[in-house]
Amino acid sequence: MAPLQVHVKHAGKTLDVNLDTSLPPAVFKDAVYQVTGVPPERMKVMIKGGVLKDDTDWKKVAPKAGQTFMVIGAAGELPKPPEKPIVFLEDMDESEIAEALSLPVGLKNLGNTCYMNATVQAMRAIPELQTALSTSPHLDVLPRALRDLYSNMSRTTEGYIPNAFLTVLRQVVPQFGEIDRSGKNGMLGGYAQQDAEECWTQLANGLKEVPGIDATGNTLTGGRRFVDQFMMAEMRRELKCDEAPEEPSTVTIEKVLKIECNISATTNYMHTGIKDAMNSQLEKNSPSLGRQAVYSQTSRLSRLPSYLTVHMVRFAWRRDIGKKAKIMRKVKFASEFDALEVVTDELKSKLTPVSSRLKSIEKERGERRKVRKRTKVVQDASSSSRPAEENTDVEMTPASEVPGDLEEESVYRARELQELEALADADLKNDYGCSVTGLYDLVAIVTHKGAEADAGHYIGFVKKSVFHAKSGDGPAFDEDDEDWYKFDDDKVSVFPKEKLGTIDGGGEDASAYVLLYRSKPLA
C-alpha cells in the first residue's frame with residue numbers, strides 16, 4: 001500500500017508527513033521528528049480516543065489521506081542534514097558513476113549505532129540474502145526494512161542515513177532502544193551502546209520467516225526458510241557421565257546460528273578455541289547415581305550451512321566488578337577454515353572426497369595463475385621493446401604451441417566442476433544452502449575496539465571480492481586481489497589483507513569479534 005500524505009499540527013504550524021500503515025507507529029513518529037524536532041521519547045501524537053503508542057494497530061486508527069494529527073511535545077534541535085547532499089546514481093554521468101562505485105557506501109552513525117552499522121555491512125557479504133529479500137512478495141517489518149536499506153544503499157554514493165531501519169530495529173528489539181544512564185548525576189543521555197554479536201543474532205532471528213530460494217534465485221513457496229537454508233547449522237551433542245560409565249549417554253540435535261570460540265589463558269588460535277567450546281564438562285543430576293555428577297559433553301556439527309558464523313567469546317562476566325569485561329588475549333583467526341575437524345563422523349565421510357580433491361585443485365589453479373602472470377610480463381616486455389617501425393602490417397602466422405601452453409581458464413573450470421560434482425555427496429547436493437565441501441573462506445568480520453563490553457566502537461570488514469562477483473559486466477575481478485573494505489560507519493576505505501593480523505586482539509585496539517565464513521563453491 002502506498003504511503004498516505006497526512007498533516008501534523010505542532011506549535012501553530014501545519015506540516016506535511018508521509019504515513020506508511022505497513023510500518024509500525026515508531027517509524028511515523030520518527031518522520032514527525034524530522035519535521036518538528038520533537039524527539040520520539042518526548043512526543044505525544046493525539047489520535048481518536050487517546051495517544052498513538054508504539055504498539056498501536058493502524059487498522060484501528062484507520063488514518064486517511066489529508067488527515068491532521070495533533071503533536072504535543074517540546075521541540076529540540078532539528079536533525080542536521082548531511083554535509084553534502086545525497087546524490088543518486090541516476091543523476092550522475094558515466095565518469096562520476098565509475099568514481100563513486102569504486103567504494104561501497106557506508107552508514108552514518110546516529111549516536112552509538114556503530115554496532116548496527118558494522119552488523120548490517122557484514123551481512124551484505126551474503127548476496128543470497130539480498131536475493132531472498134528482493135524476490136519475496138510478503139515480508140515482515142524487519143526484513144522489509146533491511147531490504148529497503150540495502151536497496152537505498154545500492155542507489156547512492158554518499159554515507160547513507162539509516163533512520164528508518166534503526167527505528168524499526170528498536171521497535172522489534174526494544175533492548176536496542178535503551179537509554180544511556182552513565183551520565184553525570186544520573187541524568188539521561190542518548191541511546192546506549194549495544195553488542196554487535198547480539199545485533200547479529202537478533203537480526204538473524206528476525207529474518208527466520210523470510211522464504212528460502214532455489215538455485216535460480218526464485219522464492220520457495222511453502223518450503224524452507226532462508227535462514228534455515230543458508231545460515232543455520234545443526235549440532236549433535238552427546239552427554240556421558242564420567243562417574244558412571246555404564247549409564248547410557250544422551251544425544252540431542254540442536255539448530256545453531258553460530259559456533260563459539262572460547263578464549264582461555266592458553267588459547268592462541270581460533271580453531272583450538274572452537275574445539276574447546278565443543279568439548280566441555282558440566283555437573284547435573286545422575287539418574288543412575290541419584291546425585292549430582294560430572295558429565296562430559298561432546299558437540300559436533302551434523303550440518304554445515306553455506307555461511308558459517310563464528311563468535312569470538314571476548315566478553316565474560318566478572319563477579320568482582322559486577323559487569324562484563326573484555327578478554328584482550330590475541331587469538332589468530334584463519335582466512336580459510338577447514339570444518340572437517342568439528343563435524344560428526346558421518347558428515348565427515350560425506351565431505352572428505354570432494355574436500356580433498358578441491359584442495360588439490362586450488363593449488364593447481366594457483367600455479368596456472370602464476371604461469372599466466374609470468375607469460376603476460378614477458379609479452380608486455382617484448383611488445384614495449386619492439387621498434388615503432390616494426391609495427392607495420394605483416395603477414396600473420398599461427399602461433400606455435402610450446403610446452404606448458406595453457407588452455408582458457410574456463411576449460412579447466414568446466415572440467416574441474418564435472419569432477420567435483422561427481423565426488424559431491426548426493427544428499428548434500430539436494431540440501432541446497434548447505435556446504436558440500438566443508439571448506440570455507442572468510443568474507444566478513446565485525447571488530448570491537450575498546451576495553452569495556454558496554455562501550456567502545458564496532459567496525460565492519462568485508463572482502464572486496466564479495467562486491468565484485470563474477471559477471472559479464474565490467475572488467476574482470478583479479479582473483480589474486482585478497483584485500484578488504486573497512487566500514488568505519490560512513491568512512492569506507494581499502495584494508496590490505498596483510499593487515500588482517502592487526503585485528504587478532506591483544507589490546508584495546510580493534511579485535512575480531514564476529515566472523516562470517518562462506519563455503520567454497522565447486523565451480
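How far apart should the ends of helix H6 (residues 141–155) be, and what do its end C-alpha atoms give? I took 1.5 Å a residue for the 15 residues, so the helix should span 21 Å, and its end C-alpha atoms are 21 Å apart, which agrees. I note here that this is a predicted model.

**Entry: around H6**

I then checked which residues of H6 are buried. My list is Val141, Leu142, Pro143, Arg144, Ala145, Leu146, Leu149, Tyr150 and Met153. What do they pack against? I find four helices as partners: H4 (114–123), H5 (127–135), H7 (163–172) and H8 (196–206).

I looked up the strand order next. An open sheet of five strands reads E2-E1-E5-E3-E4, and the pairing is mixed. Its edges are E2 (13–19) and E4 (50–51), each of which pairs on one side only. Inside the sheet, E1 (residues 4–10) runs parallel to E5 (residues 68–72), with three bridges between them. Val8 has Phe69 of E5 standing opposite. I also looked for what covers the sheet: helix H1 (residues 25–36) lies across E1, E2, E3 (44–47) and E5, and runs at about 145° to E2. Phe69 came up again in the ring search, where ring pairs link Phe28, Trp58 and Phe69 into a cluster.

**Entry: the antiparallel sheet**

Another open sheet has four strands in the order E7-E6-E10-E9, with antiparallel pairing. E7 (250–256) and E9 (279–286) are its edge strands, pairing on one side only. From one strand to the next I get an average twist of 35°. Helix H10 (residues 270–278) packs on this sheet and touches E6, E9 and E10 (291–303); its direction makes about 10° with that of E9. For E6 (residues 233–241) and E7 I have seven bridges in the antiparallel sense, with Leu239 opposite Thr250 of E7.

**Entry: strand E19**

Is strand E19 (residues 511–519) largely enclosed or largely open? Eight of its nine residues are buried, so I call it largely enclosed by the rest of the structure. I went through its neighbours. E11 (residues 307–312) pairs with E19 in the antiparallel sense over five bridges, and His311 has Val514 as its bridge partner there. E15 (residues 439–449) is also antiparallel to E19, over eight bridges; Thr447 is bridged to Ala512 of E19.

**Entry: nonpolar cores**

The largest nonpolar core has 60 residues, and the ones with the most contacts inside it are Met123, Phe165, Phe226, Met231 and Tyr458. I picked Met231 and listed what it touches, leaving out residues up to four places away in sequence: Met123, Ile126, Trp200, Ala204, Phe226, Val256, Leu257, Pro305 and Tyr307.

**Entry: aromatic pairs**

How many aromatic pairs does the whole structure hold? My search found twelve. One is Phe461 with Phe495, edge-to-face at 4.9 Å centre to centre and 65° between the planes. Phe461 sits in E16 (residues 457–463) and Phe495 in E18 (residues 491–495), so the pair ties together parts that are 34 residues apart in sequence. Both Phe461 and Phe495 are buried.

I also took Tyr485 with Phe487. Their ring centres are 6.5 Å apart and the planes stand at 65°, so this pair is edge-to-face. Tyr485 counts as buried at 3% relative accessibility, and Phe487 is buried too, with a relative accessible area of 1%.

**Entry: positive phi**

Most residues other than glycine have a negative phi, so I searched for exceptions. Asn112 has a positive phi of about 60°; it is found in the loop between H3 (94–100) and H4. Asp489 has a phi near 55°, again positive in a residue other than glycine. I place Asp489 in the loop between E17 (484–488) and E18.

Which of these is buried, and which partly exposed? Asn112 is partly exposed, with a relative accessible area of 30%. Asp489 has a relative accessible area of 7%, so it falls under the 20% cut-off and is buried.

How values were computed
Residues are numbered from 1 along each chain as its sequence is written. This is a predicted model: local features need pLDDT of at least 70, side-chain atom pairs count only at pLDDT 80 or more; totals for chains, interfaces and linings use all residues. Side-chain values use heavy atoms; hydrogens and water are left out. Two strands pair if DSSP finds at least two bridges between them. Helices (H or I, at least four residues) and strands (E, at least two) are DSSP runs, numbered from the N terminus. Contact means heavy atoms within 4.5 Å. Axes are lines fitted to C-alpha atoms, for helices over the stretch in contact, and angles run from 0 to 180 degrees between N-to-C directions. Buried means under 20% relative accessible area, exposed over 50%, partly exposed in between (1.4 Å probe, protein chains only). The expected span of a helix is 1.5 Å times one less than its number of residues. A nonpolar core is a set of buried Ala, Val, Leu, Ile, Met, Phe, Trp, Tyr and Cys residues joined through side-chain atoms within 4.5 Å. Rings of Phe, Tyr and Trp (its six-membered ring) pair if their centres lie within 6.5 Å; planes under 30 degrees apart count as stacked, over 60 as edge-to-face and the rest as tilted.
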